[in-house]
Every structure is written in structure tokens, then in C-alpha cells.
Amino acid sequence: MIVRNLKEAEQGPRRIVSKGWESTRLLLKGDQMGFSFHITTIYEGAELELHYQNHLESVYCVSGEGEVETVADGRVYPIEAGTMYALDKHDKHILRARKEMKMACVFNPPLHGKEVHNAQGAYELDAETVED
Ligand code: 9YT
């Protein structure tokens, strides 16, 4: 069994901080679960253009407020605590946080650990692995 604590993980290399967001990756490829599991904070006012061409992702909003727009059809879905969205078609999307949002995110295939978005808003399939 694997047991980890968010507060502890935030003190180490599992925490990645980037522009408009930070994420602590509680499960990664090395854990051999077939997915990775992250607790992500989207900072208030952030607007992120994302396109996970190499991954499927589902996101559950634990707290905060915002919206997600699917670029292909311009639909805007409000996000509040309890909302889940799944990018089942590798949907290009824009994520906006009206109030800081805490999200629980699952990626398939799992992230290695150190990924940040490339120019297309995607994560490459190869990245540095977190060791702790
Ligand atoms: C909400 C969202 O798209 N999160 C993506 C995962 C997070 N940015 C991470 O751990 O990289």
C-alpha cells in the first residue's frame, strides 16, 4: 500500500509551481498505478489555455469557483465545489479561476513528475522523474 500526506508532499519535489498554478503530485508513473493523481491549485484570476494531446485527464473541484471553456465549440461550463470535468477527447480548453480553485486531478498515462505545459498547453510524454 502507498500512503502519502499532502502537507508533507508539499515540502518536497512533488510540488511543482508554474505560472497561475501549482500542483502536488501524490501519485506518479513510478508508483505503477496506471494513472497519476495530483492536488492542483489554480490561483485566483488565472486563465490557462490547455491542450493535453498526450493524456486523458479528469478534474474534481474541491473548492473555489471558476469556469472551463471548450475551444472547439465555445461552450463555457461553470466550476464550483463538487464539479467534475473529464477531457475524454483531449479537448483543447481554457480554465479560468474566479476564486482560487483546489482541484483533484487524474492523468492517464501517468505523469513522471516534473512536467510543465509546453507551448501548446500539453505535457510531453517524457519528463524528469521525481525521486523522494
Ligand atoms: C486543473 C488542471 O488541468 N490541472 C492539470 C494538472 C496540474 N496542472 C498538474 O499537476 O500539472
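Trainee: Where is Pro109 found?
Mentor: Pro109 sits in the segment after strand 8. Strands here are DSSP runs of E with at least two residues, and helices are runs of H or I with at least four, numbered from the N terminus.

Trainee: What kind of peptide bond joins Asn108 and Pro109?
Mentor: A cis one, with omega at about -5°. Most peptide bonds are trans.

Trainee: Before we go on, what sort of model is this?
Mentor: The model is predicted: local features need pLDDT of at least 70 and side-chain atom pairs count only at pLDDT 80 or more, while totals for chains, interfaces and linings use all residues. Residues are numbered from 1 along each chain as its sequence is written, and side-chain values use heavy atoms, with hydrogens and water left out.

Trainee: OK, strands. How many bridges join strand 5 to strand 8?
Mentor: 13, and the two strands run antiparallel. Two strands count as paired if DSSP finds at least two bridges between them. In this pairing, Tyr60 has Ala104 of strand 8 as its bridge partner.

Trainee: Which way does strand 3 run against strand 8?
Mentor: Antiparallel, with seven bridges between them. Phe37 is bridged to Val106 in strand 8.

Trainee: And how many bridges are there between strand 4 and strand 8?
Mentor: Four, again in the antiparallel sense. Leu48 has Leu95 of strand 8 as its partner.

Trainee: What about strand 7 and strand 5?
Mentor: Strand 5 (residues 56–70) and strand 7 are antiparallel and are joined by four bridges. Glu57 is partnered with Leu87 of strand 7.

Trainee: Which residues are on the covered face of strand 7?
Mentor: Tyr85 and Leu87, while Met84 and Ala86 make up the uncovered face.

Trainee: New topic. How many cavities of 30 Å³ or more are there?
Mentor: One. A cavity is a set of points on a 1 Å grid over the protein atoms alone where a 1.4 Å probe fits but cannot get out; lining residues have an atom within 4 Å of a point. Rolling a probe the size of a water molecule over the atoms shows where empty space is left.

Trainee: How much space lies in the largest cavity?
Mentor: About 150 Å³. Its volume is the space filled by probe spheres set on the points, with points joined across faces, edges and corners.

Trainee: How does the lining split by class?
Mentor: There are 12 nonpolar, five polar and two charged residues. Nonpolar covers Ala, Val, Leu, Ile, Met, Phe, Trp, Tyr, Cys and Pro; charged covers Asp, Glu, Lys and Arg; the others, Gly among them, are polar.

Trainee: Single residues now. Is Ser36 buried or exposed?
Mentor: Ser36 has 0% relative accessibility, so it counts as buried. Buried means under 20% relative accessible area, exposed over 50%, and partly exposed in between (1.4 Å probe, protein chains only). Ser36 lies in strand 3.

Trainee: What does the side chain of Ser36 reach?
Mentor: The backbone nitrogen of Leu111, at 3.0 Å. That is a polar contact: N or O atoms within 3.5 Å, where within protein one must be able to donate a hydrogen and the other to accept it, and residues adjacent in sequence count only if both atoms are side-chain atoms.

Trainee: And Met101, which strand is that in?
Mentor: Strand 8. Met101 is buried because its relative accessible area is 0%. Met101 and Glu65 are 36 residues apart in sequence, yet their C-alpha atoms are 6.0 Å apart. Beyond four places in sequence, the contacts of Met101 (heavy atoms within 4.5 Å) include Thr40, Ile42 and Ile79.

Trainee: Last one. What is the phi of Gln32?
Mentor: Near 60°, which is positive in a residue other than glycine. Most residues other than glycine have a negative phi. Gln32 is in the loop between strand 2 and strand 3, and it is exposed at 72% relative accessibility.

Trainee: Where is His90, then?
Mentor: In the loop between strand 7 and strand 8. Phi of His90 is also positive, near 50°, and His90 is partly exposed at 30%.

Key:
On a 1 Å grid over the protein atoms alone, a cavity is a set of points where a 1.4 Å probe fits but cannot get out, and a pocket is an open set with protein on both sides within 12 Å along at least five of seven lines; lining residues have an atom within 4 Å of a point.
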